[in-house]
Amino acid sequence: MQNEAAVILPALPLLGGIALFLIDAVWSVGSRSPRYALLSVVPTALSFLAGLLILWEVVEKGTLTLTLPFSLPGISEPTLWGVDRLSAIMVLLITGVSTVVQGYSLRYLLGEADYARFFSLVAVETSILVMLVTSRNLLLIFLFWQLMSLGLYLLMAYNRKRRPSVEAAEKTFLVHRLGDMFFLGGLLIAWQSFHTLDLDRMGEILRETPTLISQGTLSAIVLCLFAGCMAKSAQFPFHFWLPDTMETPTPVSALMHAGIVNAGGYLMNRTSILFAHSPMSMHVVFIIGFVTALFGSSTMLTQGDVKRKLGFSTMGQMGYMTMECGLGAFSLAVFHLIAHGIFKATLFLESGTAIGIARTEPALPRQSAEEPGLPEGFHLSRVLPVALVTLVLPLVIVLGAHQLADIHLSKEEGTVVFLFFSWVTVSQVTISLTRARLFDSFTAAIPWTAFLVLFVYGYIGAGHKFNLFLYPDSSDRALFFSSGGVGWSMFTPIVLLLTAIIVGGWVVAFFRGIRGRQILPAWILSRQESLYLFFLNRGSVEHILLHRLIEPFDRLLWRLRELFDGKERA
Amino acid sequence: MQALSPEILLILLPLLSPLLRPLFPAGRRKVWATILPVAFFLLLILLQLLKGEGGLFVSPLPETGLLLTLCLGVLLLPILLILPERPAAPHAGRLPAVWLPCLLLSAGALGFLGSGPGRVLGGGAGLIFLLFLGALVLDGAFPGAYRRSFLLRLFLSGSISLGLALRPVLLVSLPGEVLFLAALLLLFPAPLSRRTERVVSPEFLKMDVLFFQSLPPLLAFQLLRSVPEGFPGVFPLLGGASLVWGLLGLFRAKTAHYVQEVADGLAAAGMGALTAGMLSGTSQGQAGGLFLAILLPQAALLGGLVLSSLVLRYRVRTMVGLSGSGTMIAPLRLAFLLAAFQGMSLPLVGGFLGEWRLLLGIWARSPFLGAGVLAGLFYSFFLVLAFLRRLFSGDGPVLSRGDGEIVRTLWPGELLAFGTGSFFLLLTDLAATAGHIFGRIP
C-alpha cells in the first residue's frame, strides 16, 4: 500500500538537524542556550509519535511502500522503500532512544564547545538509521549502512580536541569500513546470482526455485553479509572497537549501545530469508555468536571501569543476539535487541550520575560488611531443598511457560537456547532470593514465586507473541528453525551437555559461594590467572593485529621504499 | 562518426576571456571580463545537457562529452582566476594568454572530439597533449629542472594518444596488447618515480596537480572508452596489471614524505581501478570508469588547490609540516573533509555510484580482480583516514610575516574552487543518474 506520509519518519529529524546546523553555522548559537537544541529534539520526538501511528497503520493495513524518483543498477525495483512490521518496530526503538538521549543531553552537555553541532549530528544520524531500517533493497541498505558509519564517526569525534574520542572514532570507522567491504562483496555476488537486489524479489526467487542458486554461492552471499553485521555488532574478532568508544561522551555511548550496534541484528532479520536457505551459514553465525557471547561476558567480569564493563556487556548481549539468529530464532533476536537497547541506554545514562555520586559521596562504593556465606541454619544436608528451589523450580517454571505459550521445543530447536537462558536467569534470581532468606518463610516465598512465575510467563509469552507478530507466516518460521536446527541426533547430546554444564556450574557456585569450598580441580585453578589476564587484555586481538600484521607490513613497505629511493626516511 | 553541427564552434567562446582581459584595467572589470565568457560557455553546456537531444545544438552531441566538458570547464575556472594573481612572477602578463586558450580548448576537445569513435578520439587526445606541451614550453614559471622529465613523459603519452589511430594494428597480438598497456601505464602519476623535493611554488603545485592528477584519468578514460565487449582478450593479465600498478600507488602514498607524493599515489590508485573497469569491456565497468574519470580530477583539483594555498601561506610541503593545518581555516576544513570523503568512496560525495558500477563491471569479468579492488578500496580508505587525522591533529604551521596579503588575494578563487568542486562531487552522485548519463540499467 502506498503512503507518502511515512516519509516524515526520516524527514523530521533530518530537517531539524539541518536547520540547527545552519543556524549554528550562521549565528554560532553554540552552547548559549538549550532552547536551540530543541530544534532537533522536538522533530525527533514527533517522528517517534508518527512512528506509533505508522505502526498502527502497518498492523491494520499491511506494509507501506514508496517508490523513489530515480533508479540505479540493482535498485530498479518499484518497492525501494517501505515500512513493514520490522521497520516500524525498529523506527520506534531508534526515534525513542534518540529522543531520550537528546533530552538527557540538553543539560548533560550544556557548556560543551560544540553543543549545537552534537544535536544536529544526532538528529541526522537518527534520520539515517530510520532510512536504513525502512529500505527494502540491499544496495539502498548498504548506502545508508555506510552513511551510518560516517555519521557515527562524526558524532564520536565531534569534540576533536579530545584525542581519545577522535582515536576511538577512527578505529570504529576503520573496522566498520572493513565490514562494509565484505558487505559490498556480498552484494556483488548477489547481483551476479539473482540479477536483483530487491529483498522481496530475492525472497520470491528462493521460495519458488530454491535450487536456482547453489548452496556455495548462497553461503558466500550470506557470510559476506554476516561479516558486515559482525563489524557493526562488535562480534569476535571485530569487537575491539567497541570498548574504546567509552571515551566518547555518555550520550553518544548510550545512543551507540542502544541503537547502532543493533544494526547487525536488524540486517540479519531483514535478510533472514537468505540466511534461512543456507543452513551452513546459520551454524557459522551461531558459532561466532557463541564465541562473542562467551568472550564478551567473560571479559566484562575482568574490567574495572564501569563504562567498559557496560561495553563488554553489550558485546556479550550482541553475541547472544547473533546466536539466536544462528538458531533461526530471528524474532527473538529483535525482541532481545529492543529489550537490551532500552535497558542499556538506561544503564549508560545512569552511569554518569552513579559515578558522579560515587566521586562525591565518601561512603560509596560500599564495602560488603561480611563475607557472602551460608545463611544461618543452612547446612550441606539441605543441598537437595536448595537445589530444588534454585535449580529445578526455575526449570519447571520456564518449561511450564513454554508449554502455556504453545511453543514446541521439539520443532523449534532455537527456542531451547532461550529456555536455557531463562533457566539460568531465573535460577540466579532464586539463588539471590534464597540468600536474602526470602524462601525461608513460607509467607514470603509464595508471593515471590508467584511474581517470578508471572514474570517468566509474561516474558516468554510476549516473546512468542512477538515472533507471531514479526513473522506471521508459519512456513517462514518453520523454515528458520529447521535451517538453524542440527537434527535430533546432534541436538540431544547438545541439550544434555548444556544441562550438564548448567548443573555443574550450579554445583560449583553452590560450594564456592555458599559453602566457601573450592571443588574445581587444581589444573583448572592453576590456569585461572592466565585466563584472567587473557580476558583483561581483551584477548590481545588488537595487539596481534597491530604487531603481527600491520607493523610487519609497514616495515616491508618502508624496506621496498628504501631499496628504490635510498635511505631517506620521513 | 557522429556529424557535428557548426554550433560546435561555441567551444571557442572561452577564448574571449584572454582577448577581452587586456582591454580592461586591473580590478573588478578585468575579473568580470575573464569570468563572463567562460561562465556563458558553461551555462550553454549545462543547458544542452539538461535539454538532451532537442537542445541548443542541432546535431545530437554525446552526453558524456558534454558532461566531461562541463566538468573540466568548471574545474578549470578557479585556476584561471588564481593563476594571473601570482605575485611578482616574471611572465605574469603572458600567463592568461597562454593558459586560457590551452586549458579551455583542451576541455572542449576532450569533451567533444574525444566523444567520437576511432581516429577522432585519438586525434582529440593528441590535440590535448600538443596544446599542453605548447603551454609547458611557453610558460616560464615551470621549473626548468623538472621540465625535461615532464617533457619526456608528455612526449611518450602524446605518442600513445596519437598512436591510437593505429590501435587496430597494435592490438592484434598479445605482445601488441602488452605494449599498449605498458604505454598506457605511463600515463599514471608514476607510482614508482623517485622521491624528489619538488619546488615550493603554488603555481608549480597547481600545474603538477593538473598534469599528473587531473588530466591522466580523463585521458585514460578517453583512450579506453571505445574498448569493445570482451577486449582485450587477456583481461586478468591487463586488468590485473593496472590494479597492481594502482596498488603500488597506494603503497607509495603510505610511505610518502611530500604532499604531492600522496596525491600521486592516490590518483594512481584511482586510475588503476578506472583502467581495469574500462578494460573489462562491460557497460558497467565503462560507466564506472566515466564516474571515476570525472571524480578523480575533481578531488585532485580540490585537494591541489587547498594544498597550494597552504604552501603559499606556510611554506611547507611535507605531510609532517601540514599537521594541524586542517583546523586553521573553516573553508579549508570543509574542503579537506569533502576531498577526504570522496577519497573514501563514501556516498553522497561522489564515490559510491562509481565504485558500485566499476565493481559490477570488473566482478563480471573476474571475481578475483574484483576482490582485489575491494582490498584496494579499504586500503585507500585507511590511508585517507590517516591523512585526515594528521591534517586535523597538531597545532598547525606558523604563518609567515607578509603572507596575509597573499591570503587576501587568493581567497575568492579558492572559495570558488571549493564551491565548484563540492557542487560536482554532490551532483555526480545525486543528480547525474537521472538522465541515464552513466548508462542504462542492465
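The model is predicted; local features require pLDDT of at least 70, side-chain atom pairs count only at pLDDT 80 or more, and totals for chains, interfaces and linings use all residues. Residues are numbered from 1 along each chain as written, chains are lettered from A and ligands numbered from 1 in the order written, and side-chain values use heavy atoms, without hydrogens and water.

Confidence was examined by chain. pLDDT is the predictor's confidence in each residue, from 0 to 100. Chain A has an average pLDDT of 80, and 84% of its residues score at least 70. In chain B the mean is 64, with 35% of residues at 70 or more. Residues 401-410 of chain B lie below 50, and this stretch has eight contacts in the model beyond near neighbours in sequence. Contact means heavy atoms within 4.5 Å. Residues 54-60 of chain B also stay under 50, with 16 contacts beyond four places in sequence. In chain A, pLDDT remains under 50 over residues 369-374, which have eight such contacts.

Helices (H or I, at least four residues) are DSSP runs numbered from the N terminus. Axes are lines fitted to C-alpha atoms over the stretch in contact, and angles run from 0 to 180 degrees between N-to-C directions. Helix α10 (residues 250-258) and helix α15 (residues 330-360) of chain A pack at about 165°, with axes 8 Å apart. α10(A) and α15(A) are therefore roughly antiparallel (over 145 degrees). On the α10(A) side, contact residues include A:Pro251, A:Ala254 and A:His257. Those of α15(A) include A:Lys344, A:Phe348 and A:Leu349. By class, this contact has six nonpolar, six polar and one charged residues. Ala, Val, Leu, Ile, Met, Phe, Trp, Tyr, Cys and Pro count as nonpolar, Asp, Glu, Lys and Arg as charged, and the others as polar.

Helix α13 (residues 279-302) and helix α22 (residues 528-536) of chain A cross at roughly 100°, their axes coming within 8 Å. α13(A) and α22(A) are therefore roughly perpendicular (65 to 115 degrees). A:Phe295, A:Ser298, A:Thr299 and A:Thr302 of α13(A) meet A:Tyr532, A:Phe534, A:Phe535 and A:Leu536 of α22(A). Five of these residues are nonpolar, three polar and none charged.

Over all chains, 22 aromatic pairs were found (ring centres of Phe, Tyr or Trp, the last by its six-membered ring, within 6.5 Å). A:Phe275 and A:Phe330 form an edge-to-face pair, 6.5 Å between centres and 70° between planes (edge-to-face: over 60 degrees). A:Phe275 lies in helix α12 (residues 272-276) of chain A and A:Phe330 in helix α15 of chain A, 55 residues apart.

Methods. Helix = DSSP H or I, 4+ residues; strand = E, 2+ residues; numbered from the N terminus. Parallel < 35°, antiparallel > 145°, perpendicular 65-115°, else oblique. Phe/Tyr/Trp six-rings, centres within 6.5 Å; stacked < 30°, edge-to-face > 60°.
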